[in-house]
Amino acid sequence: DLPLLVKNLTPARWELLKRLKKAGPLTIFALAKLLERDYKNVHTDVTQLTSLGLIQKTEENLIRVAWEAVRAEIRL
């Protein structure tokens with residue numbers, strides 16, 4: 001839902017998603033290097049974004065963004 005998405009989608013996480021989408025499947029380590037960020041912080045962000053369904057893990061244990069757009073609803 002929208003409140004959950006807004007709460008968790010920080011500017012750093014949005015940038016992570018955009019860069020991962022452009023780069024294609026990567027390891028978390030490779031993504032951290034690409035973003036020039038600390039591995040631990042990127043791992044935390046990837047874990048949260050995976051739990052939200054915004055990042056998927058491949059059979060090779062790589063991470064990827066498999067969508068073109070995100071749609072969120074507000075339910076009353």
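**Entry 1**

I looked up Glu-15 and found it partly exposed, with a relative accessible area of 31%. In these notes buried means under 20% relative accessible area, exposed means over 50%, and partly exposed lies in between, with a 1.4 Å probe and protein chains only. The model is a predicted one: local features need pLDDT of at least 70, side-chain atom pairs count only at pLDDT 80 or more, and totals for chains, interfaces and linings use all residues. I number residues from 1 along each chain as its sequence is written, and side-chain values use heavy atoms, with hydrogens and water left out.

Which residue forms a salt bridge with Glu-15? I found Arg-19, with the closest N and O atoms 3.8 Å apart. I count a salt bridge when a side-chain nitrogen of Lys or Arg is within 4 Å of a carboxyl oxygen of Asp or Glu. Both residues sit in helix α2, four residues apart, which is about one turn of the helix. Helices (H or I, at least four residues) and strands (E, at least two) are DSSP runs, numbered from the N terminus. Arg-19 is also partly exposed, at 30% relative accessibility.

**Entry 1: Arg-13**

I moved to Arg-13, which lies in helix α2, residues 11-23. Is Arg-13 buried or exposed? I noted a relative accessible area of 12%, so Arg-13 is buried. Leaving out residues up to four places away in sequence, I listed what Arg-13 touches: Asn-8, Thr-44, Asp-45, Gln-48 and Leu-49. A contact here means heavy atoms within 4.5 Å.

One of these partners, Asp-45, meets Arg-13 in a salt bridge between side chains, at 2.8 Å from N to O. Arg-13 is in helix α2 and Asp-45 in helix α4 (residues 39-51), so this pair ties together parts that are 32 residues apart in sequence.

I then looked from the side of Asp-45, which lies in helix α4. Asp-45 is buried, at 8% relative accessibility. Setting aside neighbours within four places in sequence, I found Asp-45 in contact with Arg-13, Leu-16 and Arg-37. I also checked Asp-45 against Leu-9: the two are 36 residues apart in sequence and 9.4 Å apart in space, C-alpha to C-alpha.

Arg-37 is partly exposed, with a relative accessible area of 26%. Arg-37 forms a salt bridge with Asp-45, and the closest N and O atoms are 2.6 Å apart. I therefore logged Arg-13, Arg-37 and Asp-45 as one network, joined by salt bridges that share partners. Side chains of opposite charge can pair when their charged atoms come close. For the structure as a whole, I counted five salt bridges.

**Entry 2: Positive phi**

I searched the backbone next. Most residues other than glycine have a negative phi. Glu-36, not a glycine, has a positive phi near 55°. I placed Glu-36 in the loop between α3 (28-35) and α4, and at 76% relative accessibility Glu-36 counts as exposed.

Asn-61 also has a positive phi, about 65°, although it is not a glycine. I found Asn-61 in the loop between β1 (56-57) and β2 (63-64). Asn-61 is exposed, with a relative accessible area of 56%.

**Entry 3: The whole chain**

I closed with totals. The secondary structure comes to four helices and two strands, in the order α-α-α-α-β-β along the sequence. I recorded a C-alpha trace spanning about 40 × 25 × 20 Å along the principal axes.

Buried residues make up 29% of the 76 residues. Of the contacts between residues at least 6 apart in sequence, 54% join residues at least 24 apart. I noted an accessible surface of about 5,500 Å², with 53% of it belonging to carbon and sulfur atoms. Accessible areas come from the Shrake-Rupley method with a 1.4 Å probe, and for residues only the protein chains shown count as cover.

On charge, I counted 13 positive and 9 negative side chains, and the centres of the two sets lie 2 Å apart. Lys and Arg count as positive and Asp and Glu as negative, while His and the chain ends are not counted. The place of a charge is taken as NZ of Lys, CZ of Arg, CG of Asp or CD of Glu.
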